[in-house]
Amino acid sequence: MAGGRQYWLMKSEPDVFSIDDLARLPNRTTSWDGVRNYQARNFMRAMQPGDQVLFYHSNANPPSVVGIAEVVKTAYPDATQFNPQDPHYDPGSRPEQPRWDVVDVRFVHKFETPLSLDVLRGQPRLKGMELLRKGSRLSVQPVRATEWDQVTRLGRGRAH
DNA sequence: GCCAACGTTGGC
DNA sequence: GCCAACGTTGGC
């Protein structure tokens with residue numbers, strides 16, 4: 001499949017797993033487990049190494065895009081779905097045909113200033129962004145190139 | 001802690 | 001296949 005890199009946004013609760021946690025890991029890389037939504041899973045299955053990811057802190061104060069990560073490995077089965085001890089255990093998923101996947105994601109950069117929802121909502125160019133849609137709960141979502149450019153520019157602290 | 005917006009489940 | 005009930009997400 002040809003085509004350039006794609007852009008995504010992934011949500012995490014910083015109390016559970018923050019961008020600082022990611023930056024502290026060996027290789028600054030983690031497998032993004034626990035996704036239990038089919039739409040989000042399908043987006044992860046579409047991810048390719050090199051794809052760029054906005055790291056978003058949900059249930060945070062304030063909720064914010066806090067930095068950038070990148071995809072380093074395509075989707076493969078999420079081991080937590082088969083572990084009865086794990087909160088994300090899915091008794092309905094068969095090992096012969098796993099229901100849930102992870103991708104591997106590596107830390108790239110943390111913004112000097114987090115970009116809060118308020119700040120992002122103030123940007124006309126981000127009008128159609130999935131994250132800003134009322135009632136949007138998708139934990140993995142695509143980001144348009146124009147949105148990516150705008151958000152990362154803001155993250156560098158320019159163009160206010 | 002509240003609750004709106006969603007997604008899933010299961011009875012029918 | 002409909003839809004009510006239920007569980008979850010996530011901003012506020």
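Strand β3, spanning residues 52-57, is mostly covered, with six of its six residues buried. This description refers to a predicted model. The side chains of β3 divide between two directions: Gln 52, Leu 54 and Tyr 56 point one way, Val 53, Phe 55 and His 57 point the other way, and all are buried.

Two strands pair with β3. Strand β1 runs parallel to β3 and is joined to it by six bridges; within this pairing, Met 10 stands opposite Phe 55. Strand β4 (residues 64-77) pairs with β3 in the antiparallel sense, also over six bridges. Here Leu 54 has Ile 68 of β4 as its bridge partner. β3 and β4 form a hairpin with six residues between them, and Asn 59 in the turn has a positive phi of about 50°.

## Aromatic pairs

The count of aromatic pairs comes to five. One of them is formed by Tyr 7 and Trp 148, which are stacked at 4.8 Å centre to centre with 20° between the planes. This pair links distant parts of the chain, since Tyr 7 lies in strand β1 (residues 7-12) and Trp 148 in helix α4 (residues 145-155), 141 residues apart. Tyr 7 and Trp 148 are both buried.

Phe 17 and Trp 32 form an edge-to-face pair, because their ring centres are 6.4 Å apart and their planes stand at 90°. This pair also links distant parts of the chain: Phe 17 is in the loop between β1 and α1 (19-24), Trp 32 is in the loop between β2 (29-31) and α2 (38-45), and 15 residues separate them. Phe 17 counts as buried because its relative accessibility is 19%, and the cut-off for burial is under 20%. Trp 32, with a relative accessible area of 8%, is buried as well. Together with Phe 55, Phe 17 and Trp 32 form one aromatic cluster; Phe 55 is one of the buried residues of β3.

## A charge over a ring

Lys 73 and Tyr 76 present another kind of contact with an aromatic ring. The charged end of Lys 73 sits over the ring of Tyr 76, at 4.3 Å from its centre.

## The surface near DNA strand C

The residues around DNA strand C are Lys 11, Tyr 56, Ser 58, Asn 59, Pro 63, Leu 117, Arg 121 and Arg 137. These residues divide into three nonpolar, two polar and three charged. Among them, Tyr 56 is a buried residue of β3, and Asn 59 is the turn residue with positive phi in the β3-β4 hairpin. Of the atoms of DNA strand C within 4 Å of the protein, 67% belong to sugar or phosphate, and the rest belong to bases.

## The surface near DNA strand B

DNA strand B is surrounded by Asn 37, Tyr 38, Arg 133, Lys 134, Gly 135 and Arg 137. The division here is one nonpolar, two polar and three charged residues. Arg 137 is listed around DNA strand B and also around DNA strand C. Sugar or phosphate accounts for 69% of the atoms of DNA strand B within 4 Å of the protein, and bases account for the rest.

Which residue places a polar side-chain atom 2.7 Å from a base oxygen of DNA strand B? That residue is Arg 137. Contacts with phosphate oxygens of DNA strand B come from Arg 133, through a side-chain N or O atom at 3.2 Å, and from Lys 134, through a backbone N or O atom at 3.2 Å.

## The segment before β1

Gln 6 is located in the segment before β1. With a relative accessibility of 40%, Gln 6 counts as partly exposed. The C-alpha atoms of Gln 6 and Trp 32 are separated by 17 Å, and these residues are 26 residues apart along the chain.

Notes:
Residues are numbered from 1 along each chain as its sequence is written. Chains are lettered from A and ligands numbered from 1 in the order in which they are written. This is a predicted model: local features need pLDDT of at least 70, side-chain atom pairs count only at pLDDT 80 or more; totals for chains, interfaces and linings use all residues. Side-chain values use heavy atoms; hydrogens and water are left out. Rings of Phe, Tyr and Trp (its six-membered ring) pair if their centres lie within 6.5 Å; planes under 30 degrees apart count as stacked, over 60 as edge-to-face and the rest as tilted. Helices (H or I, at least four residues) and strands (E, at least two) are DSSP runs, numbered from the N terminus. Buried means under 20% relative accessible area, exposed over 50%, partly exposed in between (1.4 Å probe, protein chains only). A charge sits over a ring if NZ of Lys or CZ of Arg is within 6 Å of the ring centre and within 35 degrees of the ring normal. Two strands pair if DSSP finds at least two bridges between them. A residue is near a molecule or strand if one of its heavy atoms lies within 4 Å of it. Ala, Val, Leu, Ile, Met, Phe, Trp, Tyr, Cys and Pro count as nonpolar, Asp, Glu, Lys and Arg as charged, and the others, Gly among them, as polar. A polar contact is a pair of N or O atoms within 3.5 Å; within protein, one must be able to donate a hydrogen and the other to accept it, and residues adjacent in sequence count only if both atoms are side-chain atoms.
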